[in-house]
Amino acid sequence: MKEYKIVVLGNGGVGKSALTLQYVQGIFVHNYDATIEDSYRKLSKVGAENARLEILDTAGTEQFTGMRETYYRTAQGFILVFSIAESSTFENLKQTFLDILAIRGEDVCYF
């Protein structure tokens, strides 16, 4: 079975953990509790094949950005999350996306 590492990125408070928990456990978290970092595993289908997803829910605050370069190098997928209520959270993702491209180069497919 193939394993894929997925990293969830975005500013603090945009809903990264809520989105991740909804997908992995089918629950919705109503209250905000800042995440330092959480990792989850879920069996899923990728295309027609069964796969194990390792999903890393990252911290959105700047004080916990030290490991990001490692995440960018080792992950097979990225989910960039922003708040539609705060346009700055979308603007901040532009730099995250450029950082991923700088590290991964042509090894990134996006849509």
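Which accessibility class does F82 count as? At 34% relative accessibility, F82 counts as partly exposed (buried is under 20% relative accessible area, exposed over 50% and partly exposed in between, with a 1.4 Å probe and protein chains only).

The model is predicted, with local features needing pLDDT of at least 70, side-chain atom pairs counting only at pLDDT 80 or more, and totals for chains, interfaces and linings using all residues. Residues are numbered from 1 along each chain as its sequence is written, and side-chain values use heavy atoms, without hydrogens and water.

**View A. Aromatic pairs.** A search of the whole structure finds two aromatic pairs (Phe, Tyr and six-membered Trp rings with centres within 6.5 Å; planes under 30 degrees apart are stacked, over 60 edge-to-face, the rest tilted). The ring centres of Y72 and F78 lie 6.1 Å apart with planes at 75 degrees, so this pair is edge-to-face. Y72 is buried at 4% relative accessible area, while F78 is partly exposed at 25%. F82 and F90 have ring centres 4.9 Å apart and planes at 65 degrees, so they too are edge-to-face. F90 is partly exposed, at 39%.

**View B. Lysine over a ring.** K42 lies over the face of Y23, 5.0 Å from the ring centre (NZ of Lys or CZ of Arg within 6 Å of the centre and within 35 degrees of the ring normal).

**View C. Buried side of α3.** Helix α3 covers residues 87-104 (helices are DSSP runs of H or I, at least four residues, numbered from the N terminus). Its buried residues are T89, L93, T96, I100 and R104. These span an arc of only 60 degrees around the axis, so they lie on the same side of α3 (the arc is that of directions from the helix axis to the C-beta atoms). S87 and A102 are exposed on the other side.

Methods
Helix = DSSP H or I, 4+ residues; strand = E, 2+ residues; numbered from the N terminus. Expected span 1.5 Å × (residues − 1).
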